Every structure is written in structure tokens, then in C-alpha cells.
Amino acid sequence: MVTQRKTTFCRICEATCGLQVDVEDNRIVEIKPDREHVVSQGYACVKGTRYASIQHSPDRILNPMKRVGSEWHDITWKQAIAEIGAKAKGLIADHGPQTFGHFVGSAGGANVLAPLFRGALFAGIGSKRMYGTGTCDTMNKFRVNEDMYGSPMRLAYPDVENTEFLMILGANPVVSGNTLYHLPRAAERFRDIGKRGGQVVFVNPRRIESAAAGEHLFIRPDTDLFFLAAFANELIRKFGVDRERVKAHMKNFNGLEKTLQGWTPERQAEVTGIPADTLRDLVRTHHQAKGAALYMATGVNQGRNGTLCFWLLECINAISGNLDRRGGTLMGEGLVDMAKQVTEDPQMMTSYDRHDDLPTVSGQQPAGMLADDILSDRGDRVTALIVEASNPLLACSNPNGRLDEALSSLELLVSIDLFRNEVGDLAHYVLPATTWMERPEVPYALQSLAGCCPTPYMIYADAVLEPPPGVRHEWWMYTRLADEMGVTLFQNRAASTLAKTAARVAYTSIGKHLPGPELLIDGMLKGGGLPGRKEMAKKHPHGLLLPENPGDNFLGTDRMLTSDGKVDLAPTAYVSTFEESVERRFEEEKQNADRIKLVGIRQLRRMNTSSANSPELVKETTNYAYLSIEDAGRIGVENGDLIEVESDFGKIEIPVRVTSEMMARTMAIPQCWGHKVARGLRHAAKHPGVNSNLLAGDGPDNIEKLSGMSHLSGILVDVRRFHA
Ligand SMILES: Nc1nc2c(c(=O)[nH]1)N[C@H]1C(S)=C(S)[C@@H](COP(=O)(O)OP(=O)(O)OC[C@H]3O[C@@H](n4cnc5c(=O)[nH]c(N)nc54)[C@H](O)[C@@H]3O)O[C@H]1N2
Ligand SMILES: Nc1nc2c(c(=O)[nH]1)N[C@H]1C(S)=C(S)[C@@H](COP(=O)(O)OP(=O)(O)OC[C@H]3O[C@@H](n4cnc5c(=O)[nH]c(N)nc54)[C@H](O)[C@@H]3O)O[C@H]1N2
Ligand code: SF4
Ligand SMILES: [Mo]
């Protein structure tokens, strides 16, 4: 047997580490980190190197399937597309286009072509019911980018290579691989900051794995708003701001200053757990550093104030003169200026076209409204849904299983996945998709098109494996459905016909040798002034380093996309939300100071629900609730005891782990477990664990109004020993 060594990059998380894959007879023999990759330099984690257990899983679906009662039958693609298209058309004729929805998960973001075709199909249908786990993850940031910099995709990243002070709130990059910027080998690169004499501080209710690469400060969950307000206020009052930069490139500084009045280090200490003097020291160090950056991620995004927190965090970066400056935060340049392009697409800009007061941000409606929108008695309720690369029953708030009830009531539910997961189990059709090993690609859009890369580089990899014969790319499925439903793609007849023809012939004996929409990737590369795919794969298989980002290339240039070219430091909607809610929230925090708040954990061997079915990655049969020694003592439980956790929305039982790594009055449960009904995931079914999102609320009261983000972190719970 001939073994071929292929060079590619992992697409499980945003670190996109370089990999070397040994292949025999279209099967993976071994995956190793690629030592020559220009940025990951031989780093890869166990999820990447054990991907064969997912790729070649005996549970992978290899043909379209249809459920008849509780029986599953393999069907042909022809039948699948014809039946789904006809059913969807009928429902649209009865209820209008908004009745047909779509839900995309995080793996959908790693796929470079699928979003184009998915967006084109639903725009052609005229449906705005596009949901996704983006509103469980990061839509607050996209909202703020739009209001402050003019585009949701104008996204600053910390200049990790040059900074002297980096403060990270609500992220655990050493385990998660980071989000919204590309930083493999995170631990090593944080330690380098320390070696240069700089400081890295993690602000987190849990002493996380990343903290070993810097310092750690406990913060009470969901109190970051008060901490950031006091940080910004202290900076302004004690040290002053970069007047020149503020005057030249920003507006409404006075509005910001006024809003923050009264937020002293002492006041925030009343609820955050961060002593006033510690905050003062941090602000001083931040001010004295030659370059400083604040960064936050999901832990804060998923709280009740995600948008306000990111606004204040970006304001601190901006007014201190660190935005668009080496060592501070930088605006990258991608292959094409995606940030600019999306401003021309009304679907991608914040709109208020739902029947309620909730926004659609960056093209996504709130995931926390999906059950409401399905179970509603309105004429435009959702009756048909395609779920692509997601498992919302575990990943989204699902109080008392309400989302199960909603999805079960749909007239048409289609799951596009590698496996028949929990959603697939309820679906009418399951459509088998290709894995990233089977797709030719450049990295995640935010990396390749928005350039969120402290070390700029580009890589292209051909598919490592031939897909199984019954499996298809998503772009193909959406284009075939458009053809079947008579929908025009891209609002352009010629482009639509071209795409439909490409899809019609793609799997014929002649067509499979013709280039498909992969040509678009050539266009992206060449548009960025780089060689095309073939040359990139041949000459730069380990990546091509691009010029460093020198900073000073955003403010005052045409890359700043607000209408007046200025950074708005005090958008009206934010100031009014702050003024209307901050005192009330502060009082609530004081009142609830003795109660336990629940947060999530990501684990190195699991990618959300995606790796749950890998026997090589998942050995434990359950997740645990991590509880501080103090709380365990008070409740009277020891390691391994079962506890009952109850919120306003649900109740779960879970074994406990007592640990010094948790702040008192907080509890952490690894997210995306709870595979109770996974008939299509045989390993996961034997290692089910407990779904902490049964404790999260849905509906308008549990959604952050400015961005549509679900409230998934910092949930108040009561904890007691479980008595059977
Ligand atoms: N409590 C709590 N809840 C959370 C979070 C938290 O921190 N705490 N995090 C939230 C966040 S940030 C996210 S993104 C969500 C994650 O939740 P999801 O976005 O749903 O992501 P996954 O569980 O990774 O993926 C779900 C499905 O994608 C399939 N899949 C993998 N690769 C591919 C592919 O290439 N093509 C297709 N078609 N399918 C594929 C997998 O088989 C799996 O069934 O969870 C959210 N939920
Ligand atoms: N191994 C692994 N890697 C992953 C994933 C995975 O499931 N497993 N998921 C991927 C996905 S979809 C995403 S979006 C990224 C997310 O990447 P990260 O944002 O880094 O996600 P987490 O590791 O969950 O880190 C969130 C941190 O926030 C803390 N936290 C919770 N509430 C608060 C709060 O109120 N304030 C503060 N300051 N901190 C808080 C938690 O203790 C936790 O350490 O990771 C990606 N990478
Ligand atoms: S860190 Fe992320 S990209 Fe790197 S190997 Fe692990 S899962 Fe893949
Ligand atoms: Mo995510």
C-alpha cells in the first residue's frame, strides 16, 4: 500500500494549526502536527491529531436519510432534494417566506463556500429567519464593531507579538484556541509577553488553564460591566487619555466620560470581588505599558451585558491610544476587504425587522427566540427549518426541553451534518455533508477575509481525502434546492444559472473533473495579490507569511467605515441602555451576592458537541459540576457526590468536583454535554453527561436586547445534595 503524506490545516477551532496527514487508500493512517507551518510551528492539539476517529467513524452518515415514523431509510439525493424542495415550496405558499428558517452552528463558520450559497438561497427565497449559534457566542462584538467602526467585520485583535500588557476577560485561549483572532501556540506566545517584561492578566471566575501563562484575577460572573466602567473611569480621571488621537479620530468623548461618572474602583469592588487597589494597579500598569490591549470573549459575551462590556472595552483600547497602534489592538487586512463588502449587504447590517424589539445582527436572528418563533401562533411562524452543522438542543438555552418540543412540532426539519445528532433524530431528513478533510479551503473567513491574525499569513490546502460517494458539499445542496424551488441565486440570473449548472453536473462522470465554486477561492487569493490555489498548494504548503501589520493604517483612512470617519465612543443606544439598567443591575448583584452563579467550561478533548462521538477523545461517561471548597463545605458535598442544580428555568442532577480553582459562590459545568437521546451517536450515548443549558432561559427576557445574545453564563442557581 502506498502511503501519501499530505499537508493541510485543521479547521476544528480558529487556531487552524498546520497538520501532516498520512493517507493510505483514502483513509487516514496518522495525523501529526506540521512542524514547518509558518505560524503553528509544530503545535496541534489532540482534537486535530485524533480527527480520524470522527472522519472514519462507523456512525458517520453516508447517504441522505428520511425518517418514516421512527424508522430511518437511505434515499437518493434526487428524492431528497425533490421532496424537501416541494415541501418547502408548499409551506412558503401557505405561510409566506418567513416560515422557512435556517440555523447554522460553529462548524458552518469554518466552511468558506457554504455561507455564500446558504445566504444566496435564503435571500432568494426572501426569508430573514436565519438563526445560528452566533447569538450564543459573539454577536455583541459584531454589533459594537458596526456602531463604532462602521462594519460588523471591522474587528480589532490584540497585537500579541508586541504588546506589553494584555488583559483577557472571559476566555481560556490555551484550551479554546481563541476566538475571533488567530493565535495557535497561545500559551507560548503569552509567556513571551512575560519574558519581554510585560504582563498578561486573565480575569475569570475560574483559575483557568491559561492562567499558568500569566496572572489571574477572580471576578464574580456577569459583573465585568462594573469592572470595565471603573477601569475606563479611573483611566480617564487619573491618567488622562490620548487627547490628540481622541480629538482627531473619535467623537462623543464627553458623553462617555459623563456616563462613567461615579464608577470608582471602590464601587465596582462591592460586586466584582476585585479589590479597588488591584484595579488601580492594573490601570497604572496599563497606562505605563508601551502598548496595551484588552480582549474579551464568550464568558463575557454570554452575560447579560455583553454589548455594553465590549463597547467599554473597545473604548478603553481607543481612548488610551492603543487602537490601531503596534502593541495595542490592530485592524487586519484580509484577502478582500470583507468588512467593507458587508456594508453593502443590507442582510449583514443590524436591522429591526422582526415583529418584536429584538435585532438581527450580522444576518442572525436570536437563537433564544427560535422556540418562540416556532411555537408562536402568528401567521409567519417558522414551520420549516434547515439546521446546518449544529446541535442547538444541547448548545442553546433549552429550558425544560422547550426547544425539543419546538423542533418536534415542525412540518419540515432537515439536518445537514456528518452524523445523525439529537436534531437529526427529530428531523424528517438528514443530509450527509463533507468534512474539512474533504474540502479544498483557505482558513476561516475572519482570518482570511478580515485578517484577524497577529502574524499575518495565508495558506490554501487541497482536499486531503475524496468524499464518500453519497456525501455532498453544502454549496451543492443549497444550489440544488434553489434549482428545485425555482429560486434565483445572487439576485443575478446569469450567476444563478451558472451555479445551478455547476451543481447539476458536479457529480456526473464529466462534471467531476470540472472546477466548481472552488474557483471562487482562486478569486479570493488572487484578489489579495497572492498566487492562485495550485501555486499556493505547491509552493507554500506550510503557509505564506505576509507583511506584518505596522498599525496606524485604520484611523483616518478609508478603512474606517463610519459615515463621518470617526469612532463613536458613546452610541446613543448604548448610553441609554447603560443609564437605564446599570443601577438596577448593580442592586441585583448586591442582593444576590450570596447565591451561586453558573458558568461554562470548554475542555481540550471536546469541541462543543462535535467530538462527543469520538472514542479516542471522550473517555469519561459524564461531565462534572466544579464547585469551590467553601461552597462544597457549606452544601455538605464531596467529590463525586450527586448534586441537584436548579435555576428559574430548569433542574439537573450532576456529580460534583470540589476544586480550589473556582471562586466561591460560582460553579462551572463543561458545556455541550447531555447526549441522552443520541441514537445516531453510539459512543456519545454511552458517555452522555448532563446538559447545563436546561438551566438557561429563552425568550425575550433572557436575551440581551442590543445584540440578540442568549444569556448562557452567570445564571443564578440553587445547589443542594441530591437525595434520590
Ligand atoms: N452553556 C453554554 N452553552 C454554549 C456555550 C457555552 O460556552 N456555554 N457556547 C456556545 C457556542 S460559542 C457555540 S459556537 C455553540 C456550539 O454549538 P454548535 O454550533 O451546535 O456546534 P457543535 O456542537 O460543534 O457542532 C454541531 C454539529 O456540527 C457537526 N459538524 C461538524 N463539522 C461539520 C461540517 O463540516 N459540516 C457539517 N454539516 N456539520 C458538521 C457535528 O457533527 C455536530 O453534530 O454552543 C453554545 N452553547
Ligand atoms: N477545546 C475546545 N476548544 C474550543 C471549543 C470547545 O468546545 N472546546 N469551542 C470553540 C468555540 S465555538 C468558541 S466560541 C471558542 C470560545 O473560546 P473562549 O471564549 O476562550 O471560551 P471558554 O474556554 O469557554 O472561555 C470562557 C471563559 O469565560 C469565563 N467566564 C464565564 N463567565 C464569565 C464572566 O461573567 N466574566 C468573566 N470575566 N469570565 C467569565 C469562564 O470561566 C471561561 O474560562 O472556543 C472554541 N474552541
Ligand atoms: S488547537 Fe484547534 S486548530 Fe489546532 S489542532 Fe487543536 S482543534 Fe485543531
Ligand atoms: Mo462558539
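How do the residues of the shell around ligand 2 divide into nonpolar, polar and charged? The model discussed here is predicted, and the question is taken up under the first heading.

## Shell of ligand 2

The shell around ligand 2 divides into 13 nonpolar, 13 polar and seven charged residues. There are 33 residues around this ligand, of which S176, N204, D222, T298 and R606 come nearest.

An oxygen atom of ligand 2 is 2.7 Å from a polar side-chain atom of N204. The side chain of D224 has an N or O atom 2.8 Å from a nitrogen atom of the ligand. G299 takes part through its backbone, with an N or O atom 3.4 Å from a nitrogen atom of ligand 2. On its own, ligand 2 exposes 930 Å², and the protein buries 96% of that. Two or more residues of the shell come from each of α6 (173-176), α13 (298-301) and β21 (596-601); α13 gives the most, with three residues.

Ligand 2 has domain 3 (140-331 + 563-573) and domain 4 (594-721) both giving residues to its shell, so it lies between them.

## Shell of ligand 1

Around ligand 1 there are 30 residues, and the nearest are S390, A395, D417, E474 and T609. By class, this shell holds 11 nonpolar, 14 polar and five charged residues. Domain 2 (65-127 + 366-545) and domain 4 (594-721) each supply at least three residues to it.

A nitrogen atom of ligand 1 lies 2.5 Å from a backbone N or O atom of A395.

## Second largest pocket

The volume of the second largest pocket is about 560 Å³. It is lined by 26 residues, and those closest to its centre are R304, R585, D701, N702 and H711. The elements giving two or more residues to the lining are α25 (572-591) and β26 (715-721), with α25 giving the most, seven residues.

The lining is made up of 12 charged, seven polar and seven nonpolar residues. Why does the second largest pocket lie between domain 3 and domain 4? Both domain 3 (140-331 + 563-573) and domain 4 (594-721) give residues to its lining, so the pocket lies between them.

Methods: Residues numbered from 1 in each chain as written. Chains lettered and ligands numbered in written order. Predicted model: local features only at pLDDT ≥ 70, side-chain atom pairs only at ≥ 80, totals over all residues. Heavy atoms only, no water. 1 Å grid on protein atoms, 1.4 Å probe; cavity = no way out; pocket = protein on both sides within 12 Å on 5 of 7 lines; lining within 4 Å. Points joined across faces, edges and corners; volume = space filled by probe spheres on them. Helix = DSSP H or I, 4+ residues; strand = E, 2+ residues; numbered from the N terminus. Nonpolar A, V, L, I, M, F, W, Y, C, P; charged D, E, K, R; others polar. Domains from an automatic or database assignment. Near = heavy atom within 4 Å. Polar contact = N/O pair within 3.5 Å; in protein donor to acceptor, adjacent residues only side chain to side chain. Areas by Shrake-Rupley, 256 points an atom, 1.4 Å probe, with all protein chains shown as cover.
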